[in-house]
Amino acid sequence: MPINFDKALGNHEQALMLQARRASALSSNIVNSDTPGYKARDLDFKAVLKNTTGDMLAMNVTSSSHMPSFGMDSMSAQLKYRIPNQPSLDGNTVDIDMEKSAYAENAVRYQTSLRFLTGKFKGMMNALREN
Amino acid sequence: MSLFNVFDIAGSGMSAQSTRLNTVSSNMANSNNVSGNKDDLYRAKNPVFATVMHDIAGRSQASGVRVVRIEESNQEATMRYEPNNPMANEMGYIYQTNVNAMEEMANMISASRSYQNNVEMMNTAKQLMLATLKLGE
């Protein structure tokens, strides 16, 4: 039986892609912290990951060369606007401290996903070597 | 890969903030300019930031920042009676620039902090990408 990478890697692959996307969303917020009228946006990570890997209706696969349908939604998920704690007079809703901590947290989560993936690959390598 | 976007975004931010620092230094350097004529007097300049939207396939993506224009402050220049000043007009008055040193200092600190934020962000993204390259090792 061949190794099924999608099953073996779990949802860490999707999580990694989402975290990379979230990093760029948060970086736009940080960069626009001085732009008048800019509204901070973020990705609802939990909800999007659930959509990409959860019990969504999967597409019918009738041939082994069909691509799996999940993972496609991770890129099309819409960014959502933040509810500002303290909106400034120029219409900017970026809370720089919050965005920075979210960015740092996201970076750690990204590294965690990487670590998990590395572990999965190591496990597969061990299984292949059979010693 | 969307982590590459972070470099573009942070780069746009650094460029915008350095423009802001440039206008601050220009304002500070000219803060003591005087003139006998109100019209050829140096006026405080301020950059106006705007978001650069990248819409790919109808979806709004991550967005950088850019300087759309440099605006001159339209605050009235202060007039002073200094008949002995060589720049004074026939009435003996000189006009001084409308640069507010306090405002400029605050602006400078804000710009340099924002610049640092952008550099830090770029460094983090770089570390993440290097870690990704090592995946599976």
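**Salt bridges, rings, core and interface**

Modeller: Let me start with Asp42(A) and Arg82(A), whose side chains meet in a salt bridge, 3.3 Å from N to O. Please keep in mind that this is a predicted model.

Colleague: Why is the contact of Asp42(A) and Arg82(A) called a salt bridge?

Modeller: The N to O distance for this pair is 3.3 Å, and the cut-off is 4 Å between a side-chain nitrogen of Lys or Arg and a carboxyl oxygen of Asp or Glu, so the pair qualifies. The pair also links distant parts of the chain: Asp42(A) sits in strand 1 of chain A, and Arg82(A) in the loop between strand 2 and helix 5 of chain A, 40 residues apart.

Colleague: What makes Asp42(A) count as buried?

Modeller: Its relative accessibility is 9%. Buried means under 20%, so Asp42(A) falls in that class.

Colleague: What makes Arg82(A) and Glu99(A) a salt bridge?

Modeller: Their side chains meet at 2.7 Å, N to O, and this is within 4 Å, so the label holds. Arg82(A) lies in the loop between strand 2 and helix 5 of chain A and Glu99(A) in helix 5, so this bridge ties together parts 17 residues apart in sequence. Glu99(A) has a relative accessible area of 0%, so it is buried. Arg22(A), Asp42(A), Arg82(A) and Glu99(A) are linked in a network of salt bridges.

Colleague: How do you know whether Glu76(B) is buried or exposed?

Modeller: Glu76(B) has a relative accessible area of 53%, and exposed means over 50%, so Glu76(B) is exposed. Its salt-bridge partner is Lys38(B), at 3.4 Å from N to O. Over all chains, the search finds 10 salt bridges.

Colleague: Why is the aromatic pair of Phe4(B) and Phe7(B) called tilted?

Modeller: The angle between their planes is 45°. Under 30 degrees would be stacked and over 60 edge-to-face, so the pair is tilted. The rings are 6.5 Å apart, centre to centre. Because Phe4(B) and Phe7(B) are three residues apart in helix 1 of chain B, about one helical turn separates them. Phe4(B), at 49% relative accessibility, is partly exposed, and Phe7(B), at 24%, is partly exposed too. The structure holds two aromatic pairs over all chains.

Colleague: Which residues touch the most other members of the largest nonpolar core?

Modeller: Among its 25 residues, these are Tyr103(A), Tyr110(A), Leu3(B), Val6(B) and Met121(B). The elements giving two or more residues to this core are helix 2 and helix 5 of chain A, with helix 1 and helix 2 of chain B. Helix 5 of chain A has the largest share, seven residues.

Colleague: What makes the bond of Arg20(B) with Asp34(A) a salt bridge?

Modeller: Their closest N and O atoms are 3.0 Å apart, within the 4 Å cut-off, so Arg20(B) and Asp34(A) qualify. The count between chain B and chain A is two salt bridges, along with 10 residue pairs in polar contact. Helix 2 of chain B gives the most to the side of chain B that touches chain A, with 11 residues.

Colleague: How many residues are in contact, and what area do the chains bury?

Modeller: In contact are 35 residues of chain B and 32 of chain A. The two chains bury about 2,600 Å² between them, 59% of it on carbon and sulfur atoms.

How values were computed:
Residues numbered from 1 in each chain as written. Chains lettered and ligands numbered in written order. Predicted model: local features only at pLDDT ≥ 70, side-chain atom pairs only at ≥ 80, totals over all residues. Heavy atoms only, no water. Core = buried A, V, L, I, M, F, W, Y, C linked by side-chain atoms within 4.5 Å. Buried < 20%, exposed > 50% of the residue type's maximum accessible area, 1.4 Å probe, protein only. Helix = DSSP H or I, 4+ residues; strand = E, 2+ residues; numbered from the N terminus. Phe/Tyr/Trp six-rings, centres within 6.5 Å; stacked < 30°, edge-to-face > 60°. Contact = heavy atoms within 4.5 Å. Buried area = accessible area lost by both parts, 1.4 Å probe. Polar contact = N/O pair within 3.5 Å; in protein donor to acceptor, adjacent residues only side chain to side chain.
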